[in-house]
Amino acid sequence: MGINTTKIKLGFRELFGKTVQAFIIQLRMETGLMLIENTDLSISEIGYRVGYSFPASFTQAIRKHYGKTPQALRCLA
């Protein structure tokens with residue numbers, strides 16, 4: 001296409017207001033929250049489904065993003 005990666009990254013940030021990595025994390029968190037609130041899947045299974053290799057990494061990411069553990073979020077639903 002003749003466009004280098006720096007220009008692609010800048011264009012993405014201009015369109016979406018965030019980096020590609022931040023966009024992916026946001027999408028994982030939103031999908032994870034939806035699955036926590038609307039399914040009976042285990043937290044481990046949800047973590048795997050949204051792209052985390054280790055359940056503890058998913059739990060840590062959810063806690064950092066929402067300020068609560070996945071179990072606490074499930075109880076609120």
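**Helices and core**

Reply: G17, with a positive phi near 75 degrees, follows helix α1. Helices here are DSSP runs of H or I with at least four residues, numbered from the N terminus. This is a predicted model, in which local features need pLDDT of at least 70 and side-chain atom pairs pLDDT 80 or more, while totals for chains, interfaces and linings use all residues. Residues are numbered from 1 along each chain as its sequence is written, and side-chain values use heavy atoms, without hydrogens and water.

Me: What caps the N-terminal end of α1?

Reply: N4 does, with a side-chain oxygen 3.1 Å from the backbone nitrogen of T6.

Me: How many residues of α1 are buried?

Reply: Of its 12 residues, one is buried, so α1 lies largely in the open. Buried means under 20% relative accessible area, with a 1.4 Å probe and protein chains only.

Me: Which residues make up the largest nonpolar core?

Reply: That core has 12 residues, among them M29, L35, I46 and F58. The elements giving two or more residues to it are α2 (20-38), α3 (43-49) and α4 (55-66), and α2 gives the most, with four. A nonpolar core is a set of buried Ala, Val, Leu, Ile, Met, Phe, Trp, Tyr and Cys residues joined through side-chain atoms within 4.5 Å.

Me: What does L35 touch?

Reply: Leaving aside residues up to four places away in sequence, L35 touches L41, I46, V50 and R74; contact means heavy atoms within 4.5 Å.

Me: And what does the C-alpha trace span along its principal axes?

Reply: The spans are about 50 × 20 × 20 Å.

Notes: Buried means under 20% relative accessible area, exposed over 50%, partly exposed in between (1.4 Å probe, protein chains only). A polar contact is a pair of N or O atoms within 3.5 Å; within protein, one must be able to donate a hydrogen and the other to accept it, and residues adjacent in sequence count only if both atoms are side-chain atoms.
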